[in-house]
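Here is a short report on one protein chain. Please read it with the sequence and the fold in view.

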Amino acid sequence: GVSPIAWSNDDMPELGVETTLEECLSEAKIAGFSGIEFGGKFPLESEILIPKLKKENLKLCSGWYGAHLLKNKPTEEYQLMKQQLRLFQDCQATCMVVAEVTNSIQGDPMKPLSKRPILDNDAWKTLVYRINELSSMMIDSGMPLAYHHHMGTVIQTQKEIERLIENTKDSVKLLIDTGHMLFTGGDSIKLINDFYQKIIHVHTKDIRKDVLLNSLREDLSFRQAFLNGTFTVPGDGCIDFSPIITALKDKHYSGWIVIEAEQDPIKANPLEYAKKGYNYLSKVIKDTGLKILD
């Protein structure tokens, strides 16, 4: 699958503002993908979205939901996500990608990543309790919660991911994002080996090492880092995806593998980069023997 973020960025709507949903879906299919994630230009009404997906023979993989569980009670958050959850049910998505974004600085163009929010022990207890409750409601609705660790949020580092997963119920599943993992100095393969039973969704992002090192050295904001080109598609950066895909195969991973790379579409033509990522990752998957289902 692929994320629509290469065509239109929900955090910066001015990026790709002229690109229509229909163009995004058409180019995703042209590039070779069989699935796409939800984005801001997607309608929330299944009777509108499903025909558009069927026209391009695409499935809805999943999609982002930014939660505020440090502010909202689980029942309140569930009500806020209900329309999107219902759409995902109708489209037979396999999970909903959830990240806790209370006080997140990921969209702030000025705040450096060193100023991101850090949880104290009381906040940790609140988040763990509430995400447990929310994930149980979602499981009961047939839509698993796949937690997305993300730069600029309260769950960013490998230690924070480990603490979250080790202290939450089985209903809290995990998304692995290779780009965010490397950005924060973590190890995607160790996460796969340690928590493979929880992993139900994978984002494959590559990193331009020189841009990343400059972003860290200059302590840039997350927004400035990706505008500078820190992220790219698999095969265009420094990450060797063969060991990562091999680890997923060895642990019998079953689920979507999604190419996602926040880039400025003016600098990185979405169709060109979608094809590049698809061709590279498809070859890696084939070479490792992981089976791709239609």
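This is a predicted model: local features need pLDDT of at least 70, side-chain atom pairs count only at pLDDT 80 or more; totals for chains, interfaces and linings use all residues.

A residue counts as buried when its relative accessible area is under 20%.

Where does β4 sit? Seven strands form an open sheet in the order β1-β2-β3-β4-β5-β6-β9. The pairing is parallel. Strands β1 (35–38) and β9 are the edges, and each pairs on one side only. On average, neighbouring strands of this sheet are turned by 30° against each other, direction ignored. In general, strands of a sheet pair through backbone hydrogen bonds, either parallel or antiparallel.

| Strand pair | Bridges | Residues facing each other |
|---|---|---|
| β1 and β2 (residues 59–67) | three | glycine 35 and lysine 59 |
| β3 (residues 96–100) and β4 | three | valine 97 and alanine 146 |
| β5 (residues 172–177) and β6 | four | isoleucine 176 and valine 202 |
| β6 and β9 (residues 256–259) | four | valine 202 and isoleucine 257 |

How many residues of strand β6 (residues 199–204) are buried? Six of its six residues are. Helix α11 (residues 270–288) lies across β6 and β9 and runs at about 145° to β9.

**Lysine 205**

Lysine 205 is in the loop between β6 and β7 (206–207). Is lysine 205 buried or exposed? Its relative accessibility is 0%, so lysine 205 counts as buried.

What does its side chain meet? The side chain of lysine 205 makes a polar contact with the side chain of glutamate 260, at 2.6 Å. Lysine 205 also lies over the face of phenylalanine 231, 5.3 Å from the ring centre. Neighbours within four places in sequence left aside, the contacts of lysine 205 include Asp177, Thr178, Gly179 and His180. Among the others are Thr232, Ile239, Phe241, Ala261 and Glu262.

Another lysine is placed over a ring elsewhere. Lysine 276 lies over the face of tyrosine 273, at 4.6 Å from the ring centre.

**Aromatic pairs**

A pair of aromatic rings is described by the distance of the centres and the angle of the planes. A search of the whole structure finds eight aromatic pairs. One of them joins phenylalanine 38 and phenylalanine 42. That pair is tilted, with 5.5 Å centre to centre and 55° between the planes. Phenylalanine 38 is buried, at 14% relative accessible area. Phenylalanine 42 counts as buried too, at 6% relative accessibility.

Phenylalanine 183 and phenylalanine 231 form a tilted pair as well, with 5.9 Å centre to centre and 55° between the planes. Phenylalanine 183 belongs to helix α6 (residues 178–183) and phenylalanine 231 to strand β8 (residues 231–232), so the pair ties together parts that are 48 residues apart in sequence. Ring pairs link Phe183, Phe222, Phe226 and Phe231 into a cluster.

Which residues of helix α5 (residues 158–166) are buried? They are Gln158, Glu160, Ile161, Glu162, Leu164 and Ile165. What do they pack against? The buried residues of α5 pack against α4 (121–140), β4, β5, α6 and α7 (188–195).

Leucine 119 lies in the loop between β3 and α4. At 15% relative accessibility, leucine 119 counts as buried, because the cut-off is under 20%. Leucine 119 and glutamate 160 are 41 residues apart along the chain, yet their C-alpha atoms are separated by 9.6 Å. Beyond its neighbours within four places in sequence, leucine 119 is in contact with Leu70, Trp124, Leu127 and Val154.

Terms used. Residues are numbered from 1 along each chain as its sequence is written. Side-chain values use heavy atoms; hydrogens and water are left out. Buried means under 20% relative accessible area, exposed over 50%, partly exposed in between (1.4 Å probe, protein chains only). Helices (H or I, at least four residues) and strands (E, at least two) are DSSP runs, numbered from the N terminus. Two strands pair if DSSP finds at least two bridges between them. A polar contact is a pair of N or O atoms within 3.5 Å; within protein, one must be able to donate a hydrogen and the other to accept it, and residues adjacent in sequence count only if both atoms are side-chain atoms. Contact means heavy atoms within 4.5 Å. Rings of Phe, Tyr and Trp (its six-membered ring) pair if their centres lie within 6.5 Å; planes under 30 degrees apart count as stacked, over 60 as edge-to-face and the rest as tilted. A charge sits over a ring if NZ of Lys or CZ of Arg is within 6 Å of the ring centre and within 35 degrees of the ring normal. Axes are lines fitted to C-alpha atoms, for helices over the stretch in contact, and angles run from 0 to 180 degrees between N-to-C directions.
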